[in-house]
Amino acid sequence: MTAVTEHLDKSAETSKKVDVALDHLILGRPIGFPIYDARGVLLLAEGAVISSDFKRLLRNRGIDSVQIDQRDLSRITLNADLQSNQTFSFDNDLTQRLDQIIDSGMMSVQNEGAAVKDGLVSRGTQAYDVGQRSRLSRQNSDSTAALSGVMKAALHGGSANGATMSKMAGSYLTEMQADVDSVLTSTFQQLDENEMSTQALQTSLLAMAIGVEMEFDAKNVRMLGLIGMVHDWGMMRVPKEIRESTNGLTPSEFYEIKKHPIYSLEMLEKATSMPGLVSLVSYQIHERPNGTGYPRGREGSAIHPFARIVAVADAYVALTTARPWKTPYMPYAAVECLLRDAQQRRVDSAAVRALLCVLSLFPIGSLVTLSDGSVARVMRRNGNAYNSPIVQRLQDSNGDQVDPIAFENIIDLQKSELSVEQALPTPGRQELTLSAALEERKQRGKAN
Ligand SMILES: [Fe+2]
């Protein structure tokens, strides 16, 4: 073979084109080589990123497959073996080690100290303490700023310090011991929901409150707080185009989402002073008691109790947070949907029961109308009486504002003739009512 023919052969080999279904292109991936249509017309130049707009444009033109350079195949499309196989093959040393621990069945949690719940003070119809509110306000801003910094550093290969975050959880636990309702409402009302750090903090504090309700000791509750803060870091490594896709996900894109617990593990491995349990639980957050979760499809007791708790907190925060692709549920609708999910074993029923006690059916911080036509904000849970929380009246039945901290306007519904008539959406915010949320789920079920 002459030098010239050898060169031609080589270039023919390296520029080989492969037909790929549009659905198999992974959103958010930059292409190393141009993409053409079946007749060789350039569709996307090298270096461009596969976007949902690009796919939509082609579909509108009746194009459902494209030609890509085979050197891009493994990088920008779903591997055919993986696509045909529903079980995961993210086998690496770390996941194998975790799977061994899970298989050995050592998944129970013991208390070493007294249950935090035993020392909780019931605040009855007391208003929130003003000093604690301003302290919490500062703490929330500082914590989300700190978490944001740690998450960015972890994304770029830096190491996070588990001890610092555990201390953060400990300081929130101290505030919870004084007034858990005040801690939760301050976090859910004050922060910018668009920030991943806000969702991490809210998940963390809600998981801690559920843990307190489930009678764990301080060490275990702090652990839940730490896991809530870090378990979803891997999501930052999923291309934004997929994370925030407004068009529903193709199987290959959903596969990318399913990788995020493994990405979280890789990031947590680099952290210092991070207990091994944090990795194990983060790995299992998206498993479901009925075995339909990921990455391994584990069932029931093969899912760590902390993973089942943080999953419920994570789901509540996800349902009530506005995202580019979805309208949030009203807090009441989110609790109702989780109760239905618990019946289908999509979430742990004991953890959902604890969530119901922590937030009440009409979650603390949300607005309701009372049976006399007045409007009130749910202020405190009321023990196990989740139907009749302690509320703070804001408007009388004529719609006139009242003094919400006046003695007569803080009402224990368990001791009152009044009851909750209707859950209201958050003022100034678009939220799905329960019936709209159930309809949305039905449609999503059909699409899947
Ligand atoms: Fe997640």
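Helices (H or I, at least four residues) and strands (E, at least two) are DSSP runs, numbered from the N terminus. The model is a predicted one, in which local features need pLDDT of at least 70 and side-chain atom pairs count only at pLDDT 80 or more, while totals for chains, interfaces and linings use all residues. Residues are numbered from 1 along each chain as its sequence is written, and side-chain values use heavy atoms, with hydrogens and water left out.

I noted that Thr369 has Val375 of E6 as its bridge partner. Four residues lie between the strands of this hairpin, and Gly373 there adopts a positive phi near 90 degrees. I then turned to strand E9 (residues 420-424), which E5 joins through four bridges in the antiparallel sense; Leu367 stands opposite Leu424.

I also checked the two faces of E5 (residues 367-370). Leu367 and Thr369 on one side, and Val368 and Leu370 on the other, are all buried (buried is under 20% relative accessible area, exposed over 50%, partly exposed in between, with a 1.4 Å probe and protein chains only).

**Iron site**

I listed the protein donors of the iron ion as Asp232 (OD), His260 (NE2) and His286 (NE2), at 2.1 to 2.2 Å from the ion. Donors are N, O and S atoms within 2.8 Å of the metal (3.2 Å for Na, K and Ca), and sites may look incomplete because water is not among the atoms. Along the chain the donors are spaced as D-x27-H-x25-H. His260 belongs to helix H12 (residues 260-269) and His286 to the loop between helix H13 (276-284) and helix H14 (305-320), so the pair ties together parts 26 residues apart in sequence. I recorded His260 as buried, at a relative accessible area of 2%, and His286 as partly exposed, at 21%.

**Ser51**

I located Ser51 in the loop between strand E3 (42-44) and helix H2 (52-60). Its relative accessible area is 16%, which means that Ser51 is buried. The C-alpha atoms of Ser51 and Ile26 are 8.6 Å apart, with the two residues 25 apart along the chain. Leaving out residues up to four places away in sequence, I found that Ser51 touches Leu27 and Glu241, where contact means heavy atoms within 4.5 Å.

Definitions and conventions. Pairing = 2+ DSSP bridges.
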